[in-house]
Amino acid sequence: MARLPPELTRSARAIADAVRSRKVSARDVADHYLERAARHDGTVHAFLHLDPAAIRAEADAVDRRVAAGDASGALLGVPVAIKDNLCTRGVPTTCASKILADYRPPYDATVVARIRAAGGVVFGKTNLDEFAMGASTENSGYGTTRNPRDLARVPGGSSGGSAAAVAAGFAPLALGSDTGGSVRQPASLCGVVGLRPTYGLVSRYGLIAFASSLDQVGPLALNVDDTMLLMEVIGGHDPRDSTSRKVDLAPLAKAPAPTLAGLKVGVPAEYKVEGVEPEVRAAVERCEQLLVKAGARLVPLALPLTPYAIPTYYLVVTSEASSNLARFDGVRYGPRADARELSHMYGLTRAQGFGDEVKRRIMLGTFALSAGYFDAYYKKSLQVRQRILQEFTEAFTKCDFVLGPTAPTAAFPIGEKASDPVQMYLCDVFTAPAPLAGLPALSIPCGTTKGGLPIGAQLQGPACSDFRMLRVARELEKLLALDLVPCDPASAPAPTNGGASRGR
Amino acid sequence: MDGAEVRRIASLARLELADAEVDRFASQLTAILGYFEKLREVATEGVPPASHPPELKGPVRPDVAAPWPDPAGLVNLSRGAEGEFFRVPRVLE
Amino acid sequence: MAAETKTAFEPVIGLEVHCQLATKTKLFCGCEAGFGGQPNSRICPICTAQPGSLPVLDDEALNLAITVGLALSCTIRAKTKFDRKNYFYPDLPKGYQISQYDEPLCEHGFLEFEVEKGATKRARVLRVHMEEDAGKALHPEKTSSSLVDLNRAGVPLVEIVGMPDLASPAEASAYLQALRRLLRFAGVSECDMEKGSLRCDANVSIRPVGETKLGTKVEIKNINSFRNVERALVFEIARQTEAMQSGGKIVQETRSFRDTEGTTVSMRVKESADDYRYFPDPDLPVFEIDPARVERLRKALPESFLVKRARYRDAWGLTEYDARVLTEEPATARFFEAVVAAGLPPKAAANWVQGEVLGWLTESKRELETLQTTPADLVDLVKMAERGELSHLAAKKVLRQMLDTGAKAAAAAQSLDLLQIRDASSLGATVDEVLQQEAKIVGDYRGGKETALNALLGRVMRATKGKGDPNLIKELLLQKLGPAGPAK
């Protein structure tokens, strides 16, 4: 039985160093995580696909590489779980949807290729809300994922599987995708770190599109340092993605560490509203106090457009999604319904293949774009979006970063919000604004509720301030002094029988 | 949004809905659209609608052929692969 | 019932032309964009719309599209964007076409074309925009399936939208011919309707003569040859006129041209067919068109055929007819100009190219592009004749040989053994031989008959199989015989 010592299981960077210096083999590392997943994922259901033989083969290849003298690769031997909306060549990629059942992409997403090139081991495909549409992973077409901290509760979404995998120690690193909070909110609910990069800093090539002008691939890890490690590997210009920024990542990643003394931390009044649970508010205020003690200055901010971010967000994403999902028709890939006539085949394939939330959003988007409604809905949302960007630009002349809660509540019980779409949408109140403005945002664990549920604090920064923000977060992380280790799902409160496990 | 409108939208989006679904979606979509009305409160005269940050410019690539090594493999991803073609049920003219 | 005089109607026509840009690759991916190929051989994850794939614009397509705009005297936008046109069809893999909706690359231009000999007209071009082509869906008879080939999916097109400025089917045909020639001369497209690199839809309405308001417009699709443009328009105008004159109404619709019947028929209106829900493509940020690029393309714009024609006529003194023939196709003009550049005066070049080369091409059913004989080869031949190495008649024969076999001038002349003999000593030997053999004619000459010289000349020519240089032979004869009359 392969067991890694605690100093390795709490740090992906330490694993890479240990593999590099041959203190541990990539195969031992893989076996450790495979064994944990085998033991606990039956309950957590973080993975949709996990192929131990393939993983072991990849790990063995890394070991051969090291033995041959090639110890390059920042992620040498480190397992990275991949959200199932990222293409992995020859390996099932379903977006947690029936419409892509058994789809095996003919190519790797750019971020996946970069992980492989850096010596990382692709470790399974994780569960998500179908096509990344949701905030709880309950919309998965293949059953929900449970929060490893409390198996009766949601892990958040849409990257619930990735956040749960890292939290439960099934992999030290994971990739998720964030469109309106889908990396940050599950990170917050599961007690791990999640970064949403500046739009364009990480390639979208091979990320199955939900909303193209908002989607970004983001890293998840137990701590800020590991998050930075993964970001350095996946980020940077990709000529295959026309929305990829032509920014050289190296100088950004090598910039000097900012001190907290004199740092101006924006605190918006709109983030202290009624819907935020008291314990969440208290945890974030503790962050404020720690920062002030270290010499930072709190700057009160007004971000009056905050409440409008959600309707803006939902109009933009549903419009783009209605178009992005038009290709799923059964003609060139995926299952197809039995029908004599083409329109019928399209209609049936899509009705059978898509879940309810996906159908709702496709219809909303189709409506928002259709003749007669375009100006009132879609065009209006893009104008409000511009104003939200202007509001942030204004704010960042007054402060270096904005601080607030990631989500208004801690993890909620499975089934609680599933039947009320609008309730579910409100989970995104703090995470929707940054994507609309193309800005980077990060969630780090900042405490727990009395019941032991994780609470996340969110930092938001100006465009391309990702690494500076990560460094500030690393300082805050030290001040918070939380024990950032994987949890053992077996010790979480047992799930109640009423827990919904179907996404529909 | 009433049932007729839902049917029109569903048809545009090629989603064949059952009757019970149409009613359910109609009430859900009406609620969601009602929530979207909130945007009317935001002043937007003269604000240019934009999808991308202004510093992002469209790139071009050189006109050099880069053939995909396995086109047959792409056809074979289809459940309706028939020899070299993608087969679909007849389009009613 | 009093007999009513029928209202006279006039047609109003505008053409929408799609033209494939002559790039190596497709508009948004690196697949080859050529014609033909095995079905589904020129495809990749991007043009088959695999999940996660993304478009990247081809640089040369942008250049060629701007060139089309410049050739049509359009204004080129400083910034351009792409929009999605959303609809479902099996030859449209993404479920949307990437096109340009409200901010097309080029606008407000015109095409000057000849309506009849000497009379030109200017038809306005509303816009030129870029878009990707769809694939092909085949509907084999007696099956319940359609077959989809995505080779063409993603091929770069420009759509050239003409205003309704054309007043007759003949004018429409002339416009299309002129447009085709313009695009070919600009080097942007093959414009071959058979290969699908040029497609034409027509918008046609009628109105009472003298009326300025436009009537209800009908769109005609599926016109697949130049001849059919006129046929379709003639039928449709008659159909609309008949309808209006019998008190009916024109329905705004799309009709399809039926080749075998020569008629247009209404296309079944697809449900909600026209709500394309255009919106800016979020995978493609706004493109800034560098003014330096536009300037470079403007400078590099090849001379239009109208300008060439005028230049050949006015600066080089060619006839109108010759100027027309030589500017029919860009390859012809290129060849002709290269012949001039290689050293032939324009009129001579025109005679040889137009008179001989083009004639041979028509006879042999060959294309100029496949010719092995180069302009330099032709000039070599003509210079040989000028130097007297070949008679003019022989030169024509040698040219034929060159065109047939690809041989160079000297080699061809050798192989046909047509080189004029100019060597004085060998000719002299032949002359001596003939003088010996033809004693009678020599005697006539000595007797004062000057014309006997010609007979002797003829004999020597025969002896040299026609290759003797007649001037030299005459010279040698005179040398040897002296003037007519008794030897001194």
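User: Which residues do ring pairs link into a cluster?
Analyst: This is a predicted model, where local features need pLDDT of at least 70, side-chain atom pairs count only at pLDDT 80 or more, and totals for chains, interfaces and linings use all residues. Side-chain values use heavy atoms, with hydrogens and water left out; residues are numbered from 1 along each chain as its sequence is written, and chains are lettered from A and ligands numbered from 1 in the order in which they are written. Rings of Phe, Tyr and Trp (its six-membered ring) pair if their centres lie within 6.5 Å; planes under 30 degrees apart are stacked, over 60 edge-to-face, the rest tilted. The cluster consists of Tyr103(A), Phe131(A), Phe328(A), Tyr333(A) and Phe354(A).

User: Why is the pair Tyr35(B) and Phe36(B) classed as it is?
Analyst: Over all chains, the structure has 28 aromatic pairs. In this one the ring centres are 6.4 Å apart and the planes meet at 45 degrees, so the pair is tilted.

User: Are Tyr35(B) and Phe36(B) buried or exposed?
Analyst: Buried means under 20% relative accessible area, exposed over 50%, and partly exposed in between (1.4 Å probe, protein chains only). Tyr35(B) has 18%. Phe36(B) has 2%. Tyr35(B) is therefore buried, and Phe36(B) is likewise buried.

User: How many residues apart in sequence are the parts tied together by Tyr101(C) and Tyr278(C)?
Analyst: These two rings are stacked, at 3.9 Å centre to centre and 10 degrees between planes. Tyr101(C) sits in the loop between β6 (96-99) and β7 (106-116) of chain C, and Tyr278(C) in the loop between β15 (263-266) and β16 (279-280). Tyr101(C) is partly exposed, at 43% relative accessible area. The parts tied together are apart in sequence by 177 residues.

User: What radius of gyration does chain C have?
Analyst: The radius is taken over C-alpha atoms, and the globule rule is 2.2 Å times the number of residues to the power 0.38. A compact globule of 488 residues would come near 23 Å. The C-alpha box of chain C is roughly 110 × 70 × 55 Å along the principal axes. The radius of gyration of chain C is 32 Å.

User: What share of the residues in chain C is buried?
Analyst: Chain C exposes about 22500 Å², with 52% supplied by carbon and sulfur atoms. Areas come from the Shrake-Rupley method with a 1.4 Å probe; for residues, only the protein chains shown count as cover. Of the 488 residues, the buried share is 53%.

User: In what order do the elements of chain B run?
Analyst: Helices (H or I, at least four residues) and strands (E, at least two) are DSSP runs, numbered from the N terminus. Chain B has three helices and three strands. From the N terminus, the order is α-α-β-α-β-β.

User: Why is chain B called more spread out than a compact globule?
Analyst: The globule rule gives 12 Å for 93 residues. Chain B is well over that, so it counts as more spread out, with a radius of gyration of 23 Å.

User: Which residues does Pro408(A) contact, leaving aside neighbours within four places in sequence?
Analyst: Pro408(A) lies in the loop between β9 (401-405) and α15 (421-425) of chain A. At 13% relative accessibility, Pro408(A) is buried. Phe430(A) is 22 residues away in sequence, but 7.7 Å away C-alpha to C-alpha. Contact means heavy atoms within 4.5 Å, and the partners are Gly275(A), Val276(A), Glu277(A), Val280(A), Leu426(A), Cys427(A), Val429(A) and Phe430(A).
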